[in-house]
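The sequence and the structure are shown first, and the numbered points come after them.

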Amino acid sequence: MPDVRLALEAFDPAAEIAAFTARYPNAGGIVTFLGQVRDSGGVEALELQHYAPMTLPGMEELARVTQVRWPVEGLLILHRSGVMVPGDAIVLVCAAARHRRDAFAAADFAMDHLKSESWFWKREKTAKGWRWIEPRPEDREDLSRWG
Amino acid sequence: MAKLVFMGRLEDAAGTGEMSVAPGPIEMILAALDPALAVQLLGEKVRMALNGALLTDMGGVVLAEGDELAFLPPVSGG
(Lines give C-alpha, C1' and ligand atoms only; values in the text may rest on other atoms or scores of the structure.)
Protein backbone atom coordinates (compact mmCIF):
# COMPACT_ATOMS: atom_id res chain seq x y z
CA MET A 1 0.00 0.00 0.00
CA PRO A 2 1.45 3.37 -0.90
CA ASP A 3 1.65 5.96 1.86
CA VAL A 4 -0.01 9.11 0.53
CA ARG A 5 -0.52 12.15 2.70
CA LEU A 6 -1.46 15.79 2.50
CA ALA A 7 0.35 17.67 5.28
CA LEU A 8 -1.34 20.77 6.61
CA GLU A 9 1.57 21.48 8.97
CA ALA A 10 5.37 21.33 8.57
CA PHE A 11 6.84 17.83 8.34
CA ASP A 12 10.32 16.48 9.06
CA PRO A 13 11.75 15.01 5.84
CA ALA A 14 14.67 13.27 7.56
CA ALA A 15 12.36 11.47 9.98
CA GLU A 16 10.02 10.50 7.15
CA ILE A 17 12.88 9.10 5.06
CA ALA A 18 14.25 7.16 8.05
CA ALA A 19 10.84 5.62 8.76
CA PHE A 20 10.29 4.79 5.09
CA THR A 21 13.72 3.16 4.75
CA ALA A 22 13.14 1.05 7.87
CA ARG A 23 9.86 -0.20 6.42
CA TYR A 24 11.49 -1.71 3.29
CA PRO A 25 14.58 -3.69 4.33
CA ASN A 26 14.28 -5.90 1.24
CA ALA A 27 14.50 -3.01 -1.21
CA GLY A 28 17.94 -2.73 -2.77
CA GLY A 29 17.38 0.83 -3.87
CA ILE A 30 15.53 3.76 -2.34
CA VAL A 31 15.20 7.04 -4.20
CA THR A 32 13.99 10.14 -2.39
CA PHE A 33 13.13 13.54 -3.76
CA LEU A 34 12.64 16.53 -1.50
CA GLY A 35 11.29 19.81 -2.79
CA GLN A 36 11.81 22.81 -0.53
CA VAL A 37 10.98 26.51 -0.59
CA ARG A 38 14.00 28.15 -2.16
CA ASP A 39 15.62 31.10 -0.49
CA SER A 40 16.06 33.42 -3.46
CA GLY A 41 14.41 36.19 -5.40
CA GLY A 42 13.22 37.95 -2.28
CA VAL A 43 10.59 35.31 -1.57
CA GLU A 44 9.37 35.70 2.00
CA ALA A 45 6.68 33.04 1.97
CA LEU A 46 5.07 30.48 -0.28
CA GLU A 47 1.49 29.30 -0.03
CA LEU A 48 0.09 26.14 -1.53
CA GLN A 49 -3.65 25.88 -1.67
CA HIS A 50 -5.50 22.58 -2.12
CA TYR A 51 -9.09 21.62 -2.80
CA ALA A 52 -10.10 19.02 -0.23
CA PRO A 53 -12.59 17.03 -2.34
CA MET A 54 -10.00 16.43 -5.08
CA THR A 55 -6.40 16.94 -3.97
CA LEU A 56 -5.76 13.87 -1.79
CA PRO A 57 -7.90 11.54 -3.95
CA GLY A 58 -5.87 12.73 -6.96
CA MET A 59 -2.57 12.01 -5.16
CA GLU A 60 -3.82 8.54 -4.23
CA GLU A 61 -4.71 7.84 -7.85
CA LEU A 62 -1.24 9.04 -8.92
CA ALA A 63 0.36 6.64 -6.42
CA ARG A 64 -1.79 3.78 -7.75
CA VAL A 65 -0.80 4.50 -11.36
CA THR A 66 2.87 4.80 -10.40
CA GLN A 67 2.80 1.39 -8.72
CA VAL A 68 1.09 -0.18 -11.71
CA ARG A 69 3.78 1.19 -13.99
CA TRP A 70 6.88 0.29 -11.98
CA PRO A 71 7.57 -2.66 -9.67
CA VAL A 72 8.16 -0.64 -6.52
CA GLU A 73 7.89 -2.28 -3.12
CA GLY A 74 7.12 0.96 -1.36
CA LEU A 75 6.01 4.44 -2.32
CA LEU A 76 5.56 7.57 -0.23
CA ILE A 77 4.00 10.77 -1.55
CA LEU A 78 3.79 13.57 0.99
CA HIS A 79 2.79 17.09 -0.06
CA ARG A 80 2.36 20.21 2.02
CA SER A 81 -0.51 22.64 1.84
CA GLY A 82 -0.58 25.98 3.61
CA VAL A 83 1.90 28.80 4.17
CA MET A 84 5.62 27.98 4.15
CA VAL A 85 8.87 29.93 4.50
CA PRO A 86 12.23 29.41 2.75
CA GLY A 87 13.80 26.13 3.83
CA ASP A 88 10.46 24.46 4.56
CA ALA A 89 9.77 21.13 2.87
CA ILE A 90 7.06 21.24 0.19
CA VAL A 91 7.03 17.74 -1.16
CA LEU A 92 8.68 14.41 -0.42
CA VAL A 93 8.55 11.39 -2.72
CA CYS A 94 10.24 8.12 -1.75
CA ALA A 95 10.32 5.01 -3.91
CA ALA A 96 11.74 1.67 -2.81
CA ALA A 97 12.46 -1.07 -5.32
CA ARG A 98 14.61 -4.16 -5.78
CA HIS A 99 16.61 -2.33 -8.43
CA ARG A 100 17.52 1.32 -8.61
CA ARG A 101 16.21 2.18 -12.08
CA ASP A 102 12.65 1.36 -11.11
CA ALA A 103 12.98 3.51 -8.00
CA PHE A 104 14.40 6.47 -9.96
CA ALA A 105 11.71 6.22 -12.63
CA ALA A 106 8.84 5.88 -10.17
CA ALA A 107 9.96 8.93 -8.16
CA ASP A 108 10.55 10.96 -11.32
CA PHE A 109 7.15 10.02 -12.77
CA ALA A 110 5.35 10.84 -9.51
CA MET A 111 7.10 14.22 -9.22
CA ASP A 112 6.36 15.28 -12.80
CA HIS A 113 2.69 14.52 -12.25
CA LEU A 114 2.57 16.19 -8.85
CA LYS A 115 3.96 19.36 -10.41
CA SER A 116 1.61 19.63 -13.34
CA GLU A 117 -1.44 17.49 -12.68
CA SER A 118 -2.18 17.53 -8.99
CA TRP A 119 -4.72 19.90 -7.50
CA PHE A 120 -2.48 22.55 -5.96
CA TRP A 121 -2.27 26.27 -6.52
CA LYS A 122 0.84 28.20 -5.54
CA ARG A 123 1.50 31.82 -4.71
CA GLU A 124 4.54 33.57 -3.35
CA LYS A 125 5.01 36.61 -1.20
CA THR A 126 7.71 39.17 -1.83
CA ALA A 127 8.06 42.80 -0.68
CA LYS A 128 5.51 43.64 -3.39
CA GLY A 129 2.89 41.33 -1.92
CA TRP A 130 1.36 38.01 -2.96
CA ARG A 131 1.52 36.75 -6.55
CA TRP A 132 -0.01 33.58 -8.01
CA ILE A 133 2.46 31.33 -9.84
CA GLU A 134 1.28 30.06 -13.20
CA PRO A 135 2.52 26.67 -14.39
CA ARG A 136 5.66 26.80 -16.55
CA PRO A 137 5.68 25.37 -20.09
CA GLU A 138 8.61 23.16 -19.00
CA ASP A 139 6.31 21.43 -16.51
CA ARG A 140 4.04 20.34 -19.37
CA GLU A 141 7.05 19.21 -21.38
CA ASP A 142 8.28 17.16 -18.42
CA LEU A 143 4.90 15.43 -18.36
CA SER A 144 4.97 14.63 -22.07
CA ARG A 145 8.08 12.49 -21.55
CA TRP A 146 5.90 9.76 -20.06
CA GLY A 147 3.61 9.30 -23.07
CA MET B 1 -28.38 26.93 -1.23
CA ALA B 2 -25.60 25.76 -3.52
CA LYS B 3 -21.94 26.75 -3.24
CA LEU B 4 -19.41 28.13 -5.70
CA VAL B 5 -15.72 27.62 -4.86
CA PHE B 6 -12.96 29.73 -6.38
CA MET B 7 -9.40 28.36 -6.28
CA GLY B 8 -6.05 30.05 -6.87
CA ARG B 9 -6.11 33.38 -8.68
CA LEU B 10 -9.89 33.09 -9.09
CA GLU B 11 -10.22 33.60 -5.34
CA ASP B 12 -8.62 37.02 -5.76
CA ALA B 13 -10.81 37.79 -8.76
CA ALA B 14 -13.95 36.91 -6.79
CA GLY B 15 -12.75 38.56 -3.58
CA THR B 16 -13.76 35.40 -1.71
CA GLY B 17 -13.00 31.68 -1.76
CA GLU B 18 -16.63 30.59 -1.54
CA MET B 19 -20.00 32.01 -2.42
CA SER B 20 -23.50 30.79 -1.63
CA VAL B 21 -25.91 30.95 -4.54
CA ALA B 22 -29.50 29.94 -5.13
CA PRO B 23 -29.76 26.52 -6.84
CA GLY B 24 -30.53 26.59 -10.55
CA PRO B 25 -29.02 26.37 -14.03
CA ILE B 26 -25.35 27.35 -14.09
CA GLU B 27 -25.92 29.80 -16.93
CA MET B 28 -28.34 31.77 -14.75
CA ILE B 29 -26.01 31.72 -11.76
CA LEU B 30 -23.09 33.03 -13.83
CA ALA B 31 -25.27 35.69 -15.41
CA ALA B 32 -26.00 37.09 -11.96
CA LEU B 33 -22.29 37.50 -11.11
CA ASP B 34 -20.06 40.49 -11.78
CA PRO B 35 -19.44 40.24 -15.56
CA ALA B 36 -15.68 40.69 -15.10
CA LEU B 37 -15.63 37.68 -12.77
CA ALA B 38 -17.86 35.60 -15.05
CA VAL B 39 -15.43 36.20 -17.95
CA GLN B 40 -12.55 34.86 -15.85
CA LEU B 41 -14.55 31.85 -14.65
CA LEU B 42 -15.35 30.95 -18.24
CA GLY B 43 -11.70 31.25 -19.37
CA GLU B 44 -10.60 28.34 -21.54
CA LYS B 45 -7.97 27.19 -19.05
CA VAL B 46 -10.41 27.07 -16.15
CA ARG B 47 -11.82 23.64 -15.36
CA MET B 48 -14.91 22.96 -13.29
CA ALA B 49 -15.75 20.25 -10.79
CA LEU B 50 -19.20 19.43 -9.48
CA ASN B 51 -19.07 17.84 -6.01
CA GLY B 52 -15.43 16.86 -6.59
CA ALA B 53 -15.86 15.36 -10.09
CA LEU B 54 -14.45 17.15 -13.13
CA LEU B 55 -17.01 18.35 -15.65
CA THR B 56 -16.23 17.91 -19.32
CA ASP B 57 -18.97 20.28 -20.39
CA MET B 58 -20.89 22.75 -18.27
CA GLY B 59 -23.76 22.87 -20.74
CA GLY B 60 -27.01 21.90 -19.07
CA VAL B 61 -25.56 21.72 -15.56
CA VAL B 62 -28.15 22.58 -12.93
CA LEU B 63 -27.01 23.09 -9.35
CA ALA B 64 -29.22 21.44 -6.76
CA GLU B 65 -29.49 22.23 -3.06
CA GLY B 66 -26.17 21.42 -1.36
CA ASP B 67 -24.20 21.10 -4.62
CA GLU B 68 -20.66 22.49 -4.76
CA LEU B 69 -19.26 23.79 -8.04
CA ALA B 70 -15.52 24.55 -8.01
CA PHE B 71 -13.67 26.70 -10.55
CA LEU B 72 -10.11 25.40 -10.99
CA PRO B 73 -7.46 27.50 -12.78
CA PRO B 74 -4.23 25.86 -14.06
CA VAL B 75 -2.49 24.03 -11.24
CA SER B 76 1.05 24.57 -9.98
CA GLY B 77 2.18 22.11 -7.33
CA GLY B 78 5.49 20.82 -6.06
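How many helices and strands make up the secondary structure of chain B? The answer opens the points below, all of which concern a predicted model.

1. Composition of chain B. The secondary structure of chain B consists of 3 helices and 7 strands. Read from the N terminus, these elements follow the order β-α-β-β-α-α-β-β-β-β. Chain B has a radius of gyration of 12 Å, close to the 12 Å that the globule rule gives for 78 residues, so chain B is as compact as a globular protein of that length.

2. Dimensions and packing of chain B. The C-alpha trace of chain B spans about 35 × 25 × 20 Å along its principal axes. Of the 78 residues in chain B, 27% are buried. Among contacts in chain B with a separation of 6 or more, 56% join residues 24 or more positions apart.

3. The sheet of chain B. Chain B contains an open sheet of 5 strands in the order 2-1-7-4-5, with mixed pairing. Strand 2 (18-21) and strand 5 (53-54) of chain B stand at the edges and have a single partner strand each, so one side of each is left without a neighbour in the sheet. Within this sheet, strand 1 (residues 2-6) and strand 7 (residues 68-72) of chain B pair in the parallel sense over 4 bridges. B:Lys3 stands opposite B:Glu68, which belongs to strand 7 of chain B.

4. A four-stranded sheet in chain A. In chain A, an open sheet of 4 strands has the order 5-3-7-8, and its pairing is antiparallel. Its edges are strand 5 (82-84) and strand 8 of chain A; each has a single partner strand, so one side of each is left without a neighbour in the sheet. On average, neighbouring strands of this sheet are turned by 25° against each other, direction ignored. Strand 3 and strand 7 of chain A are joined in the antiparallel sense over 6 bridges, and A:Gln49 has A:Trp121 in strand 7 as its bridge partner.

5. Strand 6 of chain A. Is strand 6 of chain A mostly covered or mostly uncovered? The strand is mostly covered, since 9 of its 9 residues are buried. Strand 2 (residues 29-36) of chain A pairs with strand 6 in the antiparallel sense over 8 bridges, and A:Gln36 has A:Ala89 as its bridge partner there. Strand 4 (residues 72-80) of chain A also pairs with strand 6 in the antiparallel sense, over 7 bridges. In that strand, A:Val91 stands opposite A:His79.

6. The nonpolar core. The largest nonpolar core has 51 residues. The residues with the most contacts inside it are A:Ile77, A:Val93, A:Ala95, A:Ala103, A:Ala106, B:Met7 and B:Phe71. Strand 6 of chain A supplies the largest share of this core, 9 residues. Leaving aside neighbours within four places in sequence, B:Phe71 is in contact with B:Val5, B:Phe6, B:Met7, B:Leu10, B:Leu41, B:Val46 and B:Met48.

7. The contact between the chains. Chain A contributes 23 residues to the contact and chain B contributes 13 residues. On the side of chain A that touches chain B, strand 3 (45-50), strand 6 (89-97), helix 3 (100-117), strand 7 (120-126) and strand 8 (129-133) each supply at least two residues. Helix 3 of chain A gives the most to this side, with 5 residues. By class, this side of chain A has 14 nonpolar, 5 polar and 4 charged residues.

8. A:Phe120. This residue is found in strand 7 of chain A. A:Phe120 counts as buried because 26 C-beta neighbours lie inside 10 Å, and the cut-off for a buried residue is 20 or more. Not counting residues up to four places away in sequence, A:Phe120 touches A:Leu48, A:Gln49, A:His50 and A:Thr55 as well as B:Val75, B:Ser76 and B:Gly77. A:Phe120 and A:Tyr51 lie 69 residues apart in sequence and 7.4 Å apart in space, C-alpha to C-alpha.

9. A:Met1. This residue is found in the segment before strand 1 (3-7) of chain A. A:Met1 is exposed, with 7 other C-beta atoms within 10 Å. The C-alpha atoms of A:Met1 and A:Leu75 are 7.8 Å apart in space, while the two residues are 74 residues apart in sequence.

Note on methods
Residues are numbered from 1 along each chain as its sequence is written. Chains are lettered from A and ligands numbered from 1 in the order in which they are written. This is a predicted model: local features need pLDDT of at least 70, side-chain atom pairs count only at pLDDT 80 or more; totals for chains, interfaces and linings use all residues. Two residues are in contact if their C-beta atoms, placed from the backbone, lie within 7 Å. Ala, Val, Leu, Ile, Met, Phe, Trp, Tyr, Cys and Pro count as nonpolar, Asp, Glu, Lys and Arg as charged, and the others, Gly among them, as polar. The radius of gyration is taken over C-alpha atoms; the globule rule is 2.2 Å times the number of residues to the power 0.38. A residue is buried if 20 or more other C-beta atoms lie within 10 Å of its own, exposed if 12 or fewer, and partly exposed in between; C-beta atoms are placed from the backbone. Two strands pair if DSSP finds at least two bridges between them. Axes are lines fitted to C-alpha atoms, for helices over the stretch in contact, and angles run from 0 to 180 degrees between N-to-C directions. A nonpolar core is a set of buried Ala, Val, Leu, Ile, Met, Phe, Trp, Tyr and Cys residues joined through C-beta atoms within 7 Å.
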